[in-house]
Amino acid sequence: MSDREPIYVTRPALPPLEEFVPYLQEIWDARILTNGGPMHQRLEAALCKHLGVPHISLFNNGTQALVTALQAADIHGEVITTPYSFVATAHSLLWNSLRPVFVDIDPVTLNLDPARIEDAITPDTAAIMPVHCYGHPCDVEAIRAIADKHGLKVIYDAAHAFGVRDDGGSVLRHGDMSVLSFHATKVFSTFEGGAIICRDKETKQKIDRLKNFGFEADGSTVSLHGTNGKLSEIHAAFGLMQLEGIEASLARRQAVDLRYRQELAAVQGISCVEGKNELVANYAYFPILVGPTYPLSRDALFRRLQEHGIFTRRYFHPLITEFPMYRALPSAEPANLPVATKVASEVICLPIYPELDDEQVGRILSVIKESAAA
Ligand code: T4K
């Protein structure tokens, strides 16, 4: 085991503590701690502007936002989704008593493969829940065409896609709704947090009621079976502070991404995953695939990196379909998901975060290159 400082797959970007004190002072002065207070309102406005979206509703985490988006869209029956994601994607369906139907992924983008969606549609299909995996946009036009043809709703799990843009603007504008995560491990974080982006004011009002127990604006009538999905003032304040440093964070992520790509290009058996639909990327993750021509297996490389104090993650292994609550579904059969099954056995996400310095990137690359030469 290395005696040098450990390197993790990600680290939150934290400005000096003193910079948070004025925000805390404002909260202390106002004595409003939650329930849509001033910080919450400021963060909603700031994020609409920053992301270029019309409506946003903040949540206490991305999972609760996914659950609420499905509820707000009034979806019942089956939902087509990807097995290659964090388990929260499918769990949000079960929380709404919806039946997940898993469809394989595209071998390049690692997102839901539109060419396979129509075969999975039945009379019970109500919606599609694609994931912009690693922040790489899905084939949104193909998904829109299928959804329109079959009268399906589309809820994007955009947990990784903060700030990502395609040639028409924010990728979050696609579908009926998009859901973000602001977890500590994300590009933009509020410690825990999340958000729903929607298209119109009426939907936002419904979402805002659903995240506040179903209360009407009058504060006493309960008209919906809602939950407590509210983001506190302290979390919202942290988000406002983080937003100030977001461009610098992204610039550093981009530099790390570029160096990995340049130096790994010549390493046989290692391929870097690339998005193909983004104009502006967010460099949220750096997934590589460890193929059969690399001397070590994926798991052996994962362990080798660990021995050098480098703690990567195998996002997304195991597939969601391998977990006990999903594995008996017919669509969870590995034979139905050959691409996802292969990718899950080869993927490693390398460390990428703003404070990762050049020496640390060099250490990571050395382990991969030296193992390749062994
Ligand atoms: N949909 C998708 C596609 C998602 O990826 C996620 C979440 C969701 C929905 C649900 O959103 P949330 O409800 O979480 O808002 C992490 C996160 O817990 C999870 O948010 C995330 N996806 C998933 C991809 O990754 P773990 O189990 O890998 O996290 P953990 O605690 O092992 O952290 C990874 C590394 O990050 C650690 O080795 C060290 C570092 N770290 C972590 C934390 C929490 C820090 O340096 N500081 C920290 O505070 O799941």
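1. In this note, Ala, Val, Leu, Ile, Met, Phe, Trp, Tyr, Cys and Pro count as nonpolar, Asp, Glu, Lys and Arg as charged, and the others, Gly among them, as polar. By that scheme, the lining of the second largest pocket has three nonpolar, six polar and seven charged residues. The structure under discussion is a predicted model.

2. The second largest pocket holds about 370 Å³ of space. Its lining consists of 16 residues, and those closest to the centre are Asn35, Gly36, Asp208, Lys211 and Asn212. Helix H2 (38-51) and helix H6 (201-210) are the elements that contribute two or more residues to this lining. H6 gives the most, with four residues.

3. The largest pocket has a volume of about 430 Å³. Of the 30 residues that line this pocket, Phe86, Ser181, His183, Thr185 and Lys186 lie nearest its centre. The lining comprises 16 nonpolar, 11 polar and three charged residues.

4. Which elements supply at least two residues each to the lining of the largest pocket? They are helix H3 (62-72), helix H4 (88-95), strand E9 (177-181) and strand E14 (347-350). At the level of domains, domain 1 (17-244) and domain 2 (246-373) each provide at least three residues of this lining.

5. The ligand is surrounded by 26 residues, the closest being Arg11, Thr63, Asp157, Arg313 and Tyr315. For Arg11, a polar side-chain atom lies 2.5 Å from an oxygen atom of the ligand. For Arg313, the corresponding distance from a polar side-chain atom to a ligand oxygen atom is 2.4 Å. In the side chain of His183, an N or O atom is 3.3 Å from an oxygen atom of the ligand. The ligand taken alone exposes 920 Å², of which the protein buries 78%.

6. Two cavities of 30 Å³ or more are counted. The largest cavity has a volume of about 50 Å³. Its lining is made up of Thr10, Arg11, Pro12, Ala13, Ala184, Lys186, Val187, Ser189, Gln242, Ser249, Arg253 and Pro354. These residues divide into five nonpolar, four polar and three charged.

7. Why does the largest cavity lie between domain 1 (17-244) and domain 2 (246-373)? The largest cavity is placed there because both domains give residues to its lining.

8. The second largest cavity has a volume of about 40 Å³. Ala159, His160, Ala161, Phe162, Ser181, Lys186, Val187, Asn282 and Ala284 form its lining. By class, that lining has five nonpolar residues, three polar residues and one charged residue.

How values were computed: Residues are numbered from 1 along each chain as its sequence is written. This is a predicted model: local features need pLDDT of at least 70, side-chain atom pairs count only at pLDDT 80 or more; totals for chains, interfaces and linings use all residues. Side-chain values use heavy atoms; hydrogens and water are left out. On a 1 Å grid over the protein atoms alone, a cavity is a set of points where a 1.4 Å probe fits but cannot get out, and a pocket is an open set with protein on both sides within 12 Å along at least five of seven lines; lining residues have an atom within 4 Å of a point. Grid points are joined across faces, edges and corners, and a volume is the space filled by probe spheres set on the points. Domain bounds come from an automatic or database domain assignment. A residue is near a molecule or strand if one of its heavy atoms lies within 4 Å of it. A polar contact is a pair of N or O atoms within 3.5 Å; within protein, one must be able to donate a hydrogen and the other to accept it, and residues adjacent in sequence count only if both atoms are side-chain atoms. Accessible areas come from the Shrake-Rupley method with a 1.4 Å probe; for residues, only the protein chains shown count as cover.
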